[in-house]
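Work through the exercises below with the structure open beside you, and try each task before you read its solution.

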Amino acid sequence: MTTRTDSRIDGFLSRLRAGLRGMPEREIDDILREIRGHIVELSEAEGSDVDAAIRSLGDPVDLAKTYRAENLMVQAECSGSPLVILQALRHASRTRAGRFTATLLYVFGYATVIALWREAVHQLFAPARTGLWYTPGSAWPLTFASGGAVPAGSRELLAWWAIHLALVVAGLAVKYAVDHTARWWLRRYRHSKPLSAPC
Amino acid sequence: MTSTKSTGASHIDRWEVQLRKGCLDLVILGILWPEKLYGLEILRRLERDSDMALSAGTVYPLLARLKADGLLESEWVEADAGHPRKYYRLTALGRRRAVEMARMWSEFASSVGDLLSPVLKEKRQ
């Protein structure tokens, strides 16, 4: 390998490395080592020039995108981070409308979780004003009130600790359901779309 | 008329691409069934033994995905070539998956083949 061919390989690999930014450093090194080996061996053993060997890999930006997309899907399946899952959902949505809908549904799910846990915290500080109130004779006999005015002539049906526990459990259940649904959808997407088309 | 023909041709092309895409995983598992191979060897086998001429840009990320799914494992081996090679082999899970997929593929191909035999006979006549 001459210095000129080395510089062409290095140029390709540095563009690939730039595209892979964000992935674990060890995985990036592994990919670059494998791709360098491919270029060197193909150009030496088969008498083709380095440029042809580099061309066989396509655009380094596209190659990096394929690796990154795959890495993102794997991370989303294993990670508990809502941000990683949201990023993967957005990536997997093919259209702008799909991205918007996926983001909206996921954010709405998490907003519900936050609202339930906020109520749980609030209930700790205002136990007498938070609860499930029963008002005999009212058009709406059952009211869930949190921190607001207690309906006149009503009585609370649950103990404070039961409400607190229910809110925490409901928050956890919604969080599980949102993440589980997102991961299920990502798994389906990942296995229905095997990388790019054969060329 | 020309546009109808070209639409038909592009539809066939798209269909063929989808068909090939659907069996990429199985083809790689099949190639690695008897022995461990490195990326360039896999590409050469694909070119030599099958109609699946895949680009290197497709095969390397696909190998990474199959590894992430636990179907393949890899090891770096120092080679005479002067640079190390990353060899891939099937894991126990990969072997089970290959058997399952090969069985399904065989049953599917056979049933579709039966269904299509009148079409193919007609064409011969």
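**Exercise 1.** Which residues of helix 6 of chain A are buried?

*Solution.* This is a predicted model, in which local features need pLDDT of at least 70 and side-chain atom pairs count only at pLDDT 80 or more, while totals for chains, interfaces and linings use all residues. Residues are numbered from 1 along each chain as its sequence is written, and chains are lettered from A and ligands numbered from 1 in the order in which they are written. A residue is buried if 20 or more other C-beta atoms, placed from the backbone, lie within 10 Å of its own, exposed if 12 or fewer do, and partly exposed in between. In helix 6 of chain A, the buried residues are Val113(A), Glu119(A), Ala120(A) and Gln123(A).

**Exercise 2.** Describe the surroundings of Leu90(B).

*Solution.* Begin with the element: Leu90(B) is found in strand 3 of chain B, residues 85-90. Next, Leu90(B) counts as buried because 23 other C-beta atoms lie within 10 Å. Two residues are in contact if their C-beta atoms, placed from the backbone, lie within 7 Å. Leaving aside neighbours within four places in sequence, the contacts of Leu90(B) include Leu29(B), Leu32(B), Trp33(B) and Leu71(B).

**Exercise 3.** How many residues has the largest nonpolar core, and which element gives the most to it?

*Solution.* A nonpolar core is a set of buried Ala, Val, Leu, Ile, Met, Phe, Trp, Tyr and Cys residues joined through C-beta atoms within 7 Å. The largest such core has 36 residues, and Ile28(B) and Leu72(B) are among those with the most contacts inside it. Helix 4 of chain B gives the most to this core, with seven residues. Apart from it lies another core, of ten residues, among them Met73(A) and Ile85(A).

**Exercise 4.** How many residues does each chain give to the contact between chain A and chain B?

*Solution.* Chain A gives 22 residues and chain B gives 25 residues. On the side of chain A, helix 2 gives the most, with seven residues.

Methods:
Helices (H or I, at least four residues) and strands (E, at least two) are DSSP runs, numbered from the N terminus.
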